[in-house]
Amino acid sequence: TGLGYVGLQVGLAFSKKFKSIGYDINSQRIKQLKNLNDNTKEVSQKDLKNSKIIFTNNIYELREANFHIVAVPTPINKNKEPDLSNIISASKNIGKILKKKDIVVFESTVFPGLTEEVCIPILEKFSKLKNLKDFEVGYSPERINPGDKKNNFEKLNKLDSSQTSKSLNIIYNAYSKVTKGKIYKTKNIKIAEAAKVI
């Protein structure tokens, strides 16, 4: 979910190893990507052409997926506070299509506690499912530096975190297949959130 300069790179990397669906709420963005045009200039026309990712702005197509990655912007507003509107909206949308045994991984930059205190309750409300019983959530902060073609997603070191050791291993194994960088497991989600902020 989210196909900006982060989400697009993540989606393309995962599509090399897994069947992948790239969702963005912006229909114009989806049209551009289907026409092999990335206006962020982070991904080449060749990479888009060779990718097997399915681009869509229909959230219900994500019902086919069981591993969801959320990479939406969390900019600072004029009051120097994080604008959470995108991550809240994304959580609502994912909640609408969430199924039992799904895993949701957030990559957006957030303050410690947000994933568990804000995102999970929204996922529960809109899915009518129970966290930990029906689905699990992880956090793996994005580390992409815009414009850096040398150190792209597939070469970056990553932090992975989740709610249980079982889902953490699933997340770790998934990311291990799509990046050559080192991946470090953290004890809990708050540690990974704090590390990103620092």
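Strand 3 and strand 4 (residues 103-106) run parallel and are joined by four bridges. Strands (E, at least two residues) and helices (H or I, at least four) are DSSP runs, numbered from the N terminus. The model is predicted: local features need pLDDT of at least 70, side-chain atom pairs count only at pLDDT 80 or more, and totals for chains, interfaces and linings use all residues. Residues are numbered from 1 along each chain as its sequence is written, and side-chain values use heavy atoms, without hydrogens and water.

**Strand pairing**
- Histidine 68 has valine 104 in strand 4 as its bridge partner.
- Valine 70 stands opposite phenylalanine 106 of strand 4.

**Helices on the sheet**
- Helix 4 (residues 85-97) lies across strand 3 and strand 4, at about 165 degrees to strand 3; angles run from 0 to 180 degrees between N-to-C directions of axes fitted to C-alpha atoms, for helices over the stretch in contact.
- Helix 5 (residues 114-127) touches strand 4 and strand 5 (136-139), contact meaning heavy atoms within 4.5 Å.
- The direction of helix 5 makes about 140 degrees with that of strand 5.

- The open sheet has five strands in the order 3-4-5-6-7, with mixed pairing; two strands pair if DSSP finds at least two bridges between them.
- Its edge strands, strand 3 (67-70) and strand 7 (183-185), each pair on one side only.
- From one strand to the next, the twist averages 25 degrees.
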